[in-house]
Amino acid sequence: MLPFHVYPDRASRDCALAVDVAARLAEALRRTGQARLDVSGGRSPAGWLRALSRQPLDWGRVTVGLVDERCVPADHPDSNAALVRRALLQGPAAAAGFRPLYDGHSVGRSLAEAGASFIPADVTVLGMGEDGHTASLFPGVAGLEAALSGQGPAFTVIEPPAAAHRRLTQTLAALRRSGWVVLSLDGADKRAVWQAAQRGCDLPVARVLGAVPAAEVRWAP
């Protein structure tokens, strides 16, 4: 059973997560001279990303990457890259390097470039949908089993049947190489989904977190 940390509210969880992520990145900086953070998008990460941007780090030696991305222009409201630029890469954190996934033109070229430049993250922070998907690994989608095999390329293209945009996403082969993985959850519905996954419901989120070397869950109502 993975560690499951409960917070009284989202602000408390966001603050604690930012402090702990910063500590892990600082440890990587001391150990190797550089650090890599990979994050997911959506609406819920904005709070902890803003809190992280205020942490005292040598941001010039930190690289931020994306776990997944919608194939939309960088200024599109659904762009994960836009979220990272708006919420994290501000103030001192603007000195961090940033590696977006989608170049705005060719999905195939973006996929090839992401795979060629892949570096395992020291810290990866994931979210989860109410269908049990994490990254852009959606239940039942074409290519899911290959993406969850733990073998093969670090990235793949996913076409969620109920979503508006194609996605580029890390596969389990990439996620399992992260030094530390945190699943950040909000609300009672997502807690119930996670509990179902822990009881044996075959959901992508359980398969991913069950295969990474070090993982935990942070939940707030």
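Where is the place of His133?

## His133 and its loop

His133 sits in the loop between strand 6 (123–126) and helix 5 (144–147). Helices (H or I, at least four residues) and strands (E, at least two) are DSSP runs, numbered from the N terminus. This is a predicted model, in which local features need pLDDT of at least 70, side-chain atom pairs count only at pLDDT 80 or more, and totals for chains, interfaces and linings use all residues. Residues are numbered from 1 along each chain as its sequence is written, and side-chain values use heavy atoms, with hydrogens and water left out.

His133 has a relative accessible area of 16%, so it is buried. Buried means under 20% relative accessible area, exposed means over 50%, and partly exposed lies in between (1.4 Å probe, protein chains only). The side chain of His133 makes a polar contact of 2.7 Å with the side chain of Asp131. A polar contact is a pair of N or O atoms within 3.5 Å; within protein, one must be able to donate a hydrogen and the other to accept it, and residues adjacent in sequence count only if both atoms are side-chain atoms. Leaving aside neighbours within four places in sequence, His133 is in contact (heavy atoms within 4.5 Å) with Gly127, Met128, Phe138, Pro139 and Pro204. Ala135 is also found in the loop between strand 6 and helix 5. Ala135 has a positive phi of about 50°, although it is not a glycine. Its relative accessibility is 6%, so Ala135 counts as buried.

## Thr124 in strand 6

Thr124 belongs to strand 6. Its relative accessible area is 1%, so Thr124 is buried. Which residues does Thr124 contact, leaving aside its neighbours within four places in sequence? They are Asp38, Val67, Leu175, Ser178, Trp180, Val181 and Val182.

Thr124 and Ser178 are 54 residues apart along the chain, yet their C-alpha atoms are separated by 6.4 Å. Their side chains are joined by a polar contact of 2.9 Å.

## The nonpolar cores

A nonpolar core is a set of buried Ala, Val, Leu, Ile, Met, Phe, Trp, Tyr and Cys residues joined through side-chain atoms within 4.5 Å. In soluble globular proteins, nonpolar side chains tend to be buried together. The largest nonpolar core here has 44 residues, of which Val21, Leu37, Trp48, Leu52 and Leu88 touch the most other members. Two or more residues come from each of helix 1, strand 2 (35–39), helix 2 (46–53), strand 3 (62–66), helix 3 (80–87), helix 4 (107–116) and strand 6. Helix 1 gives the most to this core, with eight residues. Another core, of 28 residues, lies apart from it; among its members are Phe138, Val141, Val205 and Ala215.

Leaving aside neighbours within four places in sequence, Trp48 is in contact with Asp14, Leu17, Ala18, Val21, Leu37, Val39 and Val125.

## Helix 7

Helix 7 (residues 187–198) has 12 residues. The expected span of a helix is 1.5 Å times one less than its number of residues. Helix 7 should therefore span 16 Å, and its end C-alpha atoms are 17 Å apart, which agrees.

Which residues of helix 7 are buried? They are Gly187, Lys190, Val193, Trp194 and Ala197. They cover an arc of only 95° around the axis, so they lie on the same side of helix 7. The arc is that of the directions from the helix axis to the C-beta atoms. An α-helix has 3.6 residues a turn, so residues three or four places apart point the same way. The cover over the buried residues of helix 7 includes strand 1 (4–6), helix 1 (10–32), strand 9 (181–186), helix 8 (204–209) and strand 10 (215–220). Just after helix 7, Gly200 takes a positive phi of about 115°.

## Helix 4

Helix 4 has Val107, Ser110 and Ala114 as its buried residues. They cover an arc of only 65° around the axis, so they are on the same side of helix 4. The buried residues of helix 4 pack against strand 7 (155–158) and strand 8 (167–170). At the start of helix 4, a side-chain oxygen of Ser106 reaches to within 3.4 Å of the backbone nitrogen of Gly108.
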